Amino acid sequence: GGNIGGKWARTGDTVNIPAATGLGGPTAASTLDLGSDTAGTFIGGGQVGCNWQSGHMVLGIEGDADAQRWKRSTVIAGVLPALFAPGDTFELRSTWQASVRGRIGYAWDRTLLYVTGGVAFTDVNAYTNWIPTVAGGIVFPGTITSQTKNLVGGTIGLGVEHAVTDNFTVGIEGRYTWYGTQTFDAGLLATSAIRTNFTFAPTTRDVRVETGEVMVKANWKFSSAPLVASY
């Protein structure tokens, strides 16, 4: 079958500059919490699965994959912790999602109410742009870093499905998915300089992702036996 719907991705993002030593002199650690933000996107894709019905009870398994395009972009400004500069840019984006889930439901006549849960997958790209800065007459170079990770999390949801014919069903499903917190590489940042010698700190970002989605689904069923008074 196929599906289309809407999705909301809520993310938290903390940027970490560790303490570092080098030819340019030692520097202390610094951290900036970018806070939480929510980005929305349309989603669309397809699903395939199998159901087994005994009386009113329906058990099944389903896998789906969808395209999406959510993005969060933060350009920092104002009073900032040490080593951060106005104009530093931090972005998060994602282009796909997928899941493998079990389903259990109760059917009467041609309508099925069910709960679903399983494992979810998605990609997240973390883009970091440390802009060049000038301090004490020394130009500190900028750094641009981009890292993509495929995340694995848990998903759970509810849905209703109705058999328009013995083989064609339509329904609506809502799900919540959580991926926990992942650490991304944010690149080497020049944190101190003496003459032409620099100290570089290997910066990171701790990114938390959780999502909610609602989708309309249409399916074609290949039945193993004639359906009588079942969804």
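## Strand pairing

In this predicted model, strand β9 and strand β10 (residues 197-220) pair in the antiparallel sense over 23 bridges. Within this pairing, Thr-177 stands opposite Thr-211 in β10. The hairpin of β9 and β10 has two residues between the strands, and Arg-195 there takes a positive phi near 55°.

Strand β9 (residues 168-194) also pairs with strand β8 (residues 143-163), again in the antiparallel sense, over ten bridges. Val-160 stands opposite Ile-172 in β9. Four residues lie between β8 and β9 in the hairpin that they form.

## Salt bridges

There are 13 salt bridges in the structure. One of them joins the side chains of Arg-101 and Asp-64, at 3.2 Å from N to O. Arg-101 belongs to strand β4 and Asp-64 to strand β3, so this pair ties together parts that are 37 residues apart in sequence. Arg-101 and Asp-64 are both buried.

Arg-101 also meets Glu-173 in a salt bridge, with an N to O distance of 3.9 Å. Because Arg-101 lies in strand β4 and Glu-173 in strand β9, the contact ties together parts that are 72 residues apart in sequence. Glu-173 is buried, as is Arg-101.

A further salt bridge links the side chains of Arg-103 and Glu-161 (3.1 Å, N to O). Here the partners lie in strand β4 and strand β8, so parts that are 58 residues apart in sequence are tied together. Arg-103 counts as buried because its relative accessibility is 8%, under the 20% cut-off. Glu-161 has a relative accessibility of 5% and therefore counts as buried. Through shared partners, salt bridges join Glu-62, Asp-64, Arg-101, Glu-173, Arg-175, Glu-213 and Lys-217 into one network.

## Charges over rings

Arg-103 has an aromatic contact as well: Arg-103 lies over the face of Tyr-114, at 4.4 Å from the ring centre. The charged end of Lys-149 sits over the ring of Phe-184, 5.3 Å from the centre of that ring.

## Aromatic pairs

Six aromatic pairs are present in the structure. Phe-90 and Trp-130 form an edge-to-face pair, with 5.4 Å centre to centre and 85° between the planes. Phe-90 lies in strand β4 (residues 89-108) and Trp-130 in strand β5 (residues 111-130), so the pair ties together parts that are 40 residues apart in sequence. Phe-90 and Trp-130 are both buried.

Tyr-106 and Trp-108 form a tilted pair, at 6.2 Å centre to centre and with 40° between the planes. Tyr-106 is partly exposed because its relative accessible area is 43%, and Trp-108 is partly exposed because its relative accessible area is 41%. Phe-90 and Trp-130 also belong to one aromatic cluster with Phe-84.

## Nonpolar surface patch

A nonpolar patch on the surface is formed by Trp-52, Met-57, Leu-59, Ile-104, Val-115 and Leu-158. Together these residues have about 580 Å² of accessible area. Leu-59, one of the residues in the patch, lies in strand β3 (residues 57-75). The relative accessible area of Leu-59 is 36%, so Leu-59 is partly exposed.

Note on methods:
Residues numbered from 1 in each chain as written. Predicted model: local features only at pLDDT ≥ 70, side-chain atom pairs only at ≥ 80, totals over all residues. Heavy atoms only, no water. Phe/Tyr/Trp six-rings, centres within 6.5 Å; stacked < 30°, edge-to-face > 60°. Buried < 20%, exposed > 50% of the residue type's maximum accessible area, 1.4 Å probe, protein only. Lys NZ or Arg CZ within 6 Å of the ring centre and 35° of its normal. Patch = residues over 30% accessible without salt bridge, like charges linked within 9 Å, V, L, I, M, F, W, Y side chains within 5 Å. Areas by Shrake-Rupley, 256 points an atom, 1.4 Å probe, with all protein chains shown as cover. Salt bridge = Lys/Arg side-chain N within 4 Å of Asp/Glu carboxyl O. Pairing = 2+ DSSP bridges.
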